[in-house]
Amino acid sequence: MREKVRRHLGKVLTGAALAAAGTAAMVAVTLPGTAGAGESGGAGGGTRAAGQAGPGPDAAPPGVVERAPAEAERGMSRDPLTDDELGRVEKAALAGRLSALGENVTGARGPQRLSIDLAEPEAGETDDPDAPRRADVAFYDYRNDTLVTKTVNLSTGKVERTDTQRGAQPPPSRAENAEAARLLIASPLGAGLKADYKDATGKDLTSPDQLELSGGIYRAAPGAQPAVLDACGTHRCVRLFSKVRNGPWIDTRDLVVDLSARKTAALDRG
């Protein structure tokens, strides 16, 4: 794996590998003071970097950082959920058996929270400015591999609907990506990742906190993976895209972590 990772790492540094796979986008940014740095100056034909020019008479005054306005406890209509609403919604959604019996990605009690979003208005409420605000709270329960979505009325604090699905796999959360990386680092299959991190930084890779992570859900396809990943899709399985913090990408796309079974496996690209 190490040779494969290093080969891809070189491609990323030249701007190809992950962008071609559609997993990362790199955008060139011209920093202030660099545009025109090599352009001709006045009649004498000399050059002058734009960043060296002093402020002109019409230059804007230095910016001032002001304190953000206080956030209201409750939003109105289709306003984004406030911090207060987010806290109340999650507390209401976790009440009852789900909190007591559910299991999160690390095996601790309580389901894994995935997202909290403002719910769409119900039929007949679209044009009603006084329609109740609701929020959809999505959890993944690793105890039985189910996606649980609860709709909470923000005015009453009551759960109005609960939807449970098996086989539904929304994108992984930040906590799930971190746990997948932790399992990979501890696995023999993580040896190449650790070796390339050492090559890039001179330091040992011991924690997911040393990486910038994003992830995608992996679903099993007949004949496309080792048997240990056959349950992916029913199980929650993640492919990681890993980057040294403030550094290069390390290609881990061939590796899949089954978070439900807490196992790792390598895909055969042929």
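The protein has six helices and nine strands, where helices (H or I, at least four residues) and strands (E, at least two) are DSSP runs numbered from the N terminus. Keep in mind that this is a predicted model, in which local features need pLDDT of at least 70 and side-chain atom pairs count only at pLDDT 80 or more, while totals for chains, interfaces and linings use all residues. Residues are numbered from 1 along each chain as its sequence is written, and side-chain values use heavy atoms, with hydrogens and water left out.

Let's begin with the whole chain. Of its 270 residues, 36% count as buried; that word means under 20% relative accessible area, with exposed meaning over 50% and partly exposed lying in between (1.4 Å probe, protein chains only). The protein exposes about 15,900 Å², and carbon and sulfur atoms supply 51% of that area, as worked out by the Shrake-Rupley method with a 1.4 Å probe. As for contacts (heavy atoms within 4.5 Å), take those with a separation of 6 or more: 53% of them are between residues 24 or more positions apart.

Now for the inside. A nonpolar core here is a set of buried Ala, Val, Leu, Ile, Met, Phe, Trp, Tyr and Cys residues joined through side-chain atoms within 4.5 Å. The largest one has 23 residues, and Leu193 and Leu259 touch the most other members. At least two residues of this core come from each of β2 (134-141), α5 (174-186), α6 (191-201), β6 (237-244) and β8 (255-258). The largest share, five residues, belongs to α5. Another core lies apart from this one; it has 13 residues, including Val89, Ala93, Val137 and Val152.

An α-helix has 3.6 residues a turn, so residues three or four places apart point the same way. Just after α6 comes Gly202, with a positive phi of about 80°.

Setting aside residues up to four places away in sequence, Cys237 touches Gly216, Ile217, Tyr218, Cys232, Val256, Val257, Asp258 and Leu259. Ile217 is 20 residues away along the chain, yet the C-alpha atoms of Cys237 and Ile217 are separated by 5.8 Å.

A disulfide is a covalent bond between the sulfur atoms of two cysteines, and the cut-off used for finding one is a pair of sulfur atoms within 2.5 Å. The search of the whole structure finds one, joining Cys232 to Cys237 with an S to S distance of 2.1 Å. The torsion about the S-S bond of Cys232 and Cys237 is about -85°, so the disulfide is left-handed. Both cysteines, Cys232 and Cys237, are buried.

There is an aromatic pair to find as well, and the whole-structure search gives one. Rings of Phe, Tyr and Trp (its six-membered ring) pair if their centres lie within 6.5 Å, with planes under 30 degrees apart counted as stacked, over 60 as edge-to-face and the rest as tilted. Tyr140 and Tyr142 have ring centres 4.9 Å apart and planes at 65°, so this pair is edge-to-face. Both Tyr140 and Tyr142 are buried. Arg236 lies over the face of Tyr140, 5.0 Å from the ring centre; the test for this is NZ of Lys or CZ of Arg within 6 Å of the ring centre and within 35 degrees of the ring normal.

Arg236 turns up again among the contacts of Ser173, which, leaving aside neighbours within four places in sequence, are Gln112, Arg113, Leu114 and Arg236. Ser173 lies in the loop between β4 (159-165) and α5, and Ser173 is buried because its relative accessible area is 10%.

A few other loops deserve a look. Most residues other than glycine have a negative phi. Asp145, in the loop between β2 and β3 (146-153), has a positive phi of about 50° although it is not a glycine. Asp145 is buried, with a relative accessible area of 9%. Arg262 also has a positive phi, near 60°, and sits in the loop between β8 and β9 (263-266). At a relative accessible area of 37%, Arg262 is partly exposed.

Finally, Pro132 is in the loop between β1 (112-118) and β2 and is partly exposed, at 31% relative accessibility. Neighbours within four places aside, Pro132 is in contact with Glu125 and Asn153.
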